[in-house]
Amino acid sequence: MGVEGDPGHTITVGPDGPDAIERARAARRADRARRRDDRSTRARATAPGRGALLATAPGRLLVAAAGGLALLTVAGLVLLWPGALPGGRQEAFGGRSLGATVTTVREARCPGPVEQRCRTIVVRLSDGPDRGRTVRLDLGPTTATPALTTGDRVRVQRAAAGSGTSYAFVDVDRRAPILWLAIALAVLAVLVARLRGLLALVGVVLSVGLVVWFLVPAILDGSDPVLVSVVAALAVMFVTLLLTYGPGAQSLAASVGIGLSLLLAALVGHLMVSAAHLDGRTGELQQLLVLGARGVSLQGIVLAGMVIGALGVLTDIAVSQASAVTALHHTDPSLGPRALYRGAFAIGRDHLSATIHTLVLAYVGAALPLILVMRDAHVGATDAINGQIVAEPVIATLVGAIALIAAVPITTALAALLIAPVPAGAIGAGHAHTH
């Protein structure tokens, strides 16, 4: 009697067939466990070696610099962490909104001398004390209101009107599409990048949490916006590097390079905000004046936005340069710091061009509606740039590009000094990528 084992092998069993089959299965399980142990041993042998990094003077120096930067970041978070902000009812944008579902849509001629069509809807409330009640809402001219159909989800606001209660239309309810898009992103990231994609998502959640629970409340609590933004950016940087790329030589060099580049961005941004007289009294920041924010520096908020906006591309370029140095070191361990720097810097120049384009196009995309309005109003290019509402993103783009350009030689030099003396087998192969 024969029982199949691994492909190409047959195990012969005697009269005690079931016992022999069980022994054969146990042998196969033991063999698989032995192979897993061998793979783990090889992986540990090629994993980044902290001892190898600390055995060199540049390694010890950069470890101390990164450690000091991390301690300063933690100290900044502790010292600047905001207290409990005063609570109260939502006052901006008309107050809290409630959910409703459109049941009827009608169009008719608008009252008045102008010939135009107006849209009216009937909704069933799904939130609030009047849940289940149907309410008629007059939206206004069809050219200035959203096109709605039966079954659409909308948001409304409740307001007291004399002896009764009235409701007003706020906007279409977009929360469900946003939620489904976020879920699709999470699933796709996990399917494509697996564990690394999951860690990247965790990093994004923690980074957004730092902005929501630390950066914004600390600024509203009266802390210096620039100092808060630098501390928050450094905290986000460490979270991103550790979760997305893991601890190692690449993350170590990248953290110090990003830290120096962020400080440069803050310095250049401060000089330019003062020289261009950007006082922040445009757009949404005017609401802070209306709401009477406690001692908030609008000019500081403008600069803080520049620092936070530059962080994403800085992380990308810094990690790429550190990984490029590591890859070159693995290819030819005999290369010294100068040769590693030259080779990785040549890669960085190509990457830098694409990343600057990414930064510029991101700001252009955000400002596209404003650009269209100005073009339709026949505003000249020089007048448009001179206006504060356009000058702010333009200066933010230039400040970010300057920090980005500086990050390439800084991070490449740090990585070359750190990695060159370390044996190639003691450092991971990196995760370099190009554009």
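Student: Which residue in β5 stands opposite Ile 121?

Tutor: The residue opposite Ile 121 is Leu 137, in β5. Before going further, please note that this is a predicted model, in which local features need pLDDT of at least 70 and side-chain atom pairs count only at pLDDT 80 or more, while totals for chains, interfaces and linings use all residues. Residues are numbered from 1 along each chain as its sequence is written, and side-chain values use heavy atoms, with hydrogens and water left out.

Strand β4 covers residues 117–125, where a strand is a DSSP run of E with at least two residues, and a helix a run of H or I with at least four, numbered from the N terminus. With β5 (residues 134–141), β4 pairs in the antiparallel sense over seven bridges, pairing being assigned if DSSP finds at least two bridges between two strands. Strand β3 (residues 98–109) also pairs with β4 in the antiparallel sense, over nine bridges, and there Thr 101 stands opposite Arg 124 in β4.

As for cover, seven of the nine residues in β4 are buried, that is, under 20% relative accessible area, whereas exposed means over 50% and partly exposed lies in between (1.4 Å probe, protein chains only). In a regular strand the side chains alternate between the two faces of the sheet.
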